[in-house]
Amino acid sequence: MRRFAAKFAVPYHFPVVVVRNVFRVGEPAFVDLVRRLEPTRRHRLLVAIDDGLAAAQPSLAADIERYVEAHADALALVAPPVLVPGGEASKNDPSHAWRLVELINTHKIDRQSVIVAIGGGAALDTISFAAATGHRVIRVPSTVLAQDDSGIAVKNGINAFGKKNFVGTFAPPFGVVIDPALLETLPLRDRIAGVAEIIKVALLKDPGLFASVETLAARIAAGDLAALEAVILPSLEWHLKHICGTGDPFEFGSARPLGFGHWAAHKLEALTSHRVRHGEAVAIGMALDVRYSVRAGFLAAAPADRILSVIRGTGLPTWDAALETRAADGALAVVAGLQDFREHLGGALHITLLKGIGQPFEVTDMRLDLVAQALADLTPVH
């Protein structure tokens with residue numbers, strides 16, 4: 001037998017630029033990002049916009065066209081901006097991603113061209129998944145959740161077979177633009193829902209950020225954009241540090257520390273046919289794992305109560321009636337999320353729990369009796 005070892009590393013560099021009104025004529029941030037590697041080339045752009053954002057900001061497509069026209073020496077649109085459904089509907093129907101692949105073919109988008117993905121996390125996932133077939137993508141996230149977490153991730157995926165992100169790729173974006181002005185038309189519910197991922201990363205990595213969320217909770221619950229901006233950027237930075245500093249950005253290992261609260265969240269989204277937003281489901285999943293940590297003797301009651309108070313104080317839920325759903329065998333349906341998560345991780349179960357704020361650790365098994373008790377702890381008193 002002969003064996004040949006093959007090992008190589010590919011360095012990735014994707015700038016994250018924070019700028020208000022990125023497509024205002026005269027603002028150089030976007031054009032500079034596009035041409036940073038090839039400043040003398042005229043770059044062809046295919047722009048795809050979340051239809052919810054396009055409806056809320058009806059001048060956006062025209063603003064982009066004016067911006068590109070003003071930089072005609074460096075940029076060229078291959079077609080008017082196209083719309084992609086927002087929310088999980090974008091990821092549940094593969095035809096939306098395939099339509100973008102067809103546009104890549106129709107407009108002869110080569111690997112030096114740029115696909116510009118503008119919208120919330122689900123739309124960005126769909127557009128980036130299509131772009132990851134071999135083309136550069138610049139993401140412009142337009143929701144709190146996408147700006148503080150998913151918009152700067154290296155994963156791109158769509159849902160299949162009733163499972164979240166079952167089909168996907170790891171492909172870092174060419175660059176990311178964070179434009180706070182895009183949040184101005186975001187509905188209150190979605191402003192609040194996106195804070196769940198900020199609370200998550202604060203609980204895992206930054207007690208100071210958690211304290212900031214705690215202090216700003218009432219303003220966040222009211223949708224105050226200044227309060228949101230104050231906590232979005234630290235969260236974004238922590239997510240970037242995790243992606244770039246763990247040595248496992250493409251998740252070859254089984255550990256998923258940033259998946260805190262997600263095993264139940266993904267199942268809850270499916271049980272409610274995505275009536276519950278991803279951020280809302282993560283908030284509920286974190287609450288469940290916090291109570292489980294207490295029941296298992298890992299976390300004291302006082303910090304657990306503080307965590308739940310902050311989650312609720314920002315306007316996020318810690319309960320949904322779908323948690324009481326039973327499978328045909330009488331078992332709690334949400335518990336099946338543990339098996340789904342195990343499969344997602346590649347066979348070995350790794351669940352992140354807490355010993356304190358900023359003190360995460362992993363377990364490889366979850367006691368179902370304690371899961372049921374933790375759920376009972378969260379059940380509202382009628």
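Modeller: Asp32 has a relative accessible area of 36%, so Asp32 is partly exposed. Keep in mind that this is a predicted model.

Colleague: What makes 36% partly exposed for Asp32?

Modeller: Buried means under 20%, and exposed means over 50%. Asp32 has 36%, so Asp32 falls in between.

Colleague: How do you know that Arg35 and Asp32 meet in a salt bridge?

Modeller: The N to O distance is 3.5 Å. The cut-off is within 4 Å, so the pair qualifies. Arg35 has 26% relative accessibility, so Arg35 also counts as partly exposed.

Colleague: Why is the contact of Glu38 and Arg136 called a salt bridge?

Modeller: Their side chains meet at 3.3 Å, N to O. That is within 4 Å, so the label holds.

Colleague: What does the pair of Glu38 and Arg136 tie together?

Modeller: Glu38 lies in the loop between α1 and β2, and Arg136 lies in strand β6 (residues 136-141). The pair therefore ties together parts that are 98 residues apart in sequence.

Colleague: Why is Arg136 called buried?

Modeller: Its relative accessible area is 15%. Buried means under 20%, so Arg136 is buried. Glu38 has 23%, so Glu38 is partly exposed.

Colleague: Which residues do salt bridges with shared partners join into one network?

Modeller: Arg20, Glu184 and Glu229. The structure holds 19 salt bridges. Among them is the one between Arg20 and Glu229, at 2.9 Å, N to O. Arg20 sits in the loop between β1 (16-18) and α1 (29-34), and Glu229 in helix α11 (residues 225-245). They are 209 residues apart.

Colleague: Are Arg20 and Glu229 buried or partly exposed?

Modeller: Arg20 has 38% relative accessibility, so Arg20 counts as partly exposed. Glu229 has 30%, so Glu229 is partly exposed too.

Colleague: What joins β2 to strand β5?

Modeller: 5 bridges, and the strands run parallel. Leu46 has Ile115 as its bridge partner in β5.

Colleague: How many bridges join β2 to strand β4?

Modeller: 3 bridges, again with parallel strands. Ile49 stands opposite Leu83 in β4.

Key: Residues numbered from 1 in each chain as written. Predicted model: local features only at pLDDT ≥ 70, side-chain atom pairs only at ≥ 80, totals over all residues. Heavy atoms only, no water. Pairing = 2+ DSSP bridges. Helix = DSSP H or I, 4+ residues; strand = E, 2+ residues; numbered from the N terminus. Buried < 20%, exposed > 50% of the residue type's maximum accessible area, 1.4 Å probe, protein only.
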